[in-house]
Amino acid sequence: MLITFDLDGVLQVNPFGRGVFPEVRKEIGKTLVAKEGLEPEEASRKVMKMIRDEAKRRLLSGDHVGAYDWDDIVRVVGEKVGSPARFDVEQLVIKYCTPDYISSYPYAESTLTQLADMGVRLAVVTNGFYKYQNPVMEGLGLRHFFEDFITPEMVGTVKPYAAIYHATIKGEHSLKLHVGDTIIHDVWGAARAGFEPVWVVHDLPDKVANLLPWERPHSREIEVFMEKSFQSDLSPEAYPEAKVEDCRPVYMIKDLAELLTVVEYAKEKVA
Ligand SMILES: [Mg+2]
């Protein structure tokens, strides 16, 4: 059995939201404060929007790997603004890999330990570059679970495309599961690559949470979640072939401990 994992929103909280981007926004924003007379807050928001827009522009123009190259995105935005600030995003990630800025999700370590003990092959499939993700996983003590840690710059493509998933496959697997929280990348993409998607949704309403992980995807309440999650993607229009109705997962879990239940059930199913 092979289980692949998305990282952000599943195993780890990375330091971009709380550490890296706030520093970059503030530094580049200083130029907007000086040149355009914006309030620091407003300048910072404007810079973040430019960063997001640049990532989106790259996705839409087919530069899929470049859309996750934060060093280059930040450089381009800095130049546009005319900021003298220079950043080494990898070094910023490393600087912010402290308990105030990064964390692992509940049951991450215990679940991975149990899966590894069961002999399940574990791999990472993330759209974050290795240099940004590896320090976080090392910092959280989770890196050693994964021999294969597949990232966009290694394979020249990103989720939701099948090739990044296929890079984890070595030989035959009786079962392939992918665990992730972004519906287009991790559910639609994984299914197309031949993996059974396990969708992580932390805020399941009680009515759905009371169902079993393989029953949840078929409950009526889930349609709203699928639609909402689809629309909240940075750029759903980058994947014109993706339709909400094709994003139904095989399993839904609210925390990682439930993954063990899923694995037991999935094993029975193929036995
Ligand atoms: Mg994620």
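## The sheet

Six strands make up an open sheet, ordered 5-4-1-6-7-8 and paired in parallel; a pair here means at least two DSSP bridges between the strands. Helices (H or I, at least four residues) and strands (E, at least two) are DSSP runs numbered from the N terminus. This is a predicted model, in which local features need pLDDT of at least 70 and side-chain atom pairs count only at pLDDT 80 or more, while totals for chains, interfaces and linings use all residues. Residues are numbered from 1 along each chain as its sequence is written.

Which strands stand at the edges? Strand 5 (148-150) and strand 8 (251-253) do, each with a single partner strand, so one side of each has no neighbour in the sheet. On average, neighbouring strands are turned by 25° against each other, direction ignored. Strand 7 (residues 196-200) runs parallel to strand 8 and is joined to it by three bridges; Val200 has Ile253 of strand 8 as its bridge partner. Helix 9 (residues 183-192) packs on this sheet and touches strand 6 (176-180) and strand 7, its direction making about 165° with that of strand 7.

## Helix 2 on helix 3

Helix 2 (residues 40-60) packs against helix 3 (residues 70-81) at about 125°, with the axes 9 Å apart. Axes are lines fitted to C-alpha atoms, for helices over the stretch in contact, and angles run from 0 to 180 degrees between N-to-C directions. The two helices are therefore oblique to each other: under 35 degrees would be roughly parallel, over 145 roughly antiparallel, 65 to 115 roughly perpendicular, and the rest is oblique.

From helix 2, Val47, Met50, Ile51, Glu54 and Ala55 meet Ile73, Val74, Val76, Val77, Lys80 and Val81 of helix 3, where contact means backbone-placed C-beta atoms within 7 Å. By class, that contact has nine nonpolar, no polar and two charged residues. Ala, Val, Leu, Ile, Met, Phe, Trp, Tyr, Cys and Pro count as nonpolar, Asp, Glu, Lys and Arg as charged, and the others, Gly among them, as polar.

## Helix 1 on helix 3

The axes of helix 1 and helix 3 come within 9 Å and cross at roughly 15°, which makes helix 1 roughly parallel to helix 3. Val24, Ile28, Thr31 and Leu32 of helix 1 touch Val74, Val77, Gly78 and Val81 of helix 3. Those residues split into six nonpolar, two polar and no charged.

Terms used:
Contact = placed C-beta atoms within 7 Å.
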